[in-house]
Amino acid sequence: MNITIISVGKIKEKYINSGIKEFTKRLSAYCKLKIIEVKDEPTKENMTESEENIIKKKEAEKIISKIPNGSYVITLCIEGKELSSEQLAEKLDSLALTGNSNITFIIGGSVGLHDEVIKISNMKLSFSKMTFPHQLMRLILLEQIYRSFRISRGEPYHK
């Protein structure tokens, strides 16, 4: 299986980078993983909705240009479907069985994802109604993908 994660912005915190490296290493036994960072647009305090939309639009253009052809696209957004770890494992298994072995997860920037990106996604996935920092979300996503592979193979994992 080929997994691509497209994420807006660089990871600056050492502890998050350390976790990302660890799960990238662990995932190498289960899939081919590619992490693509697109540059985030500068933001400011108290932006108008119009200003936020301009930023989301610019970031959307960068994101869309990086989506591999023929990939099953899953956007991470609050309004998406919430799944348990077991359900995510089942979803990834189901995609593989139906010939969707190229999966792209998309994590937006600090102002979220533009509607253009959400519209082209095959699935909207929510990890919670809470808002998480987009840098931390990359680490959480990697851990859940790793957990999914462990669940699917009947291997032990922490519950």
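Q: What should I know about the model and its numbering?
A: The model is predicted, and local features need pLDDT of at least 70, side-chain atom pairs count only at pLDDT 80 or more, while totals for chains, interfaces and linings use all residues. Residues are numbered from 1 along each chain as its sequence is written, and side-chain values use heavy atoms, leaving out hydrogens and water.

Q: How much space lies in the largest pocket?
A: On a 1 Å grid over the protein atoms alone, a pocket is an open set of points where a 1.4 Å probe fits, with protein on both sides within 12 Å along at least five of seven lines. A volume is the space filled by probe spheres set on the points. Here the largest pocket holds about 470 Å³.

Q: Which residues of its lining lie nearest the centre of the largest pocket?
A: Lining residues have an atom within 4 Å of a point. There are 24 of them, and L76, C77, I78, G112 and F132 lie nearest the centre.

Q: Which residues of helix 2 are buried?
A: Helices are DSSP runs (H or I, at least four residues), numbered from the N terminus. Buried means under 20% relative accessible area (1.4 Å probe, protein chains only). In helix 2 the buried residues are I55, K56, E59, A60 and I63. They lie on the same side of helix 2 because they cover an arc of only 145 degrees around the axis, taken from the directions from the helix axis to the C-beta atoms.

Technical notes
Buried < 20%, exposed > 50% of the residue type's maximum accessible area, 1.4 Å probe, protein only. Helix = DSSP H or I, 4+ residues; strand = E, 2+ residues; numbered from the N terminus.
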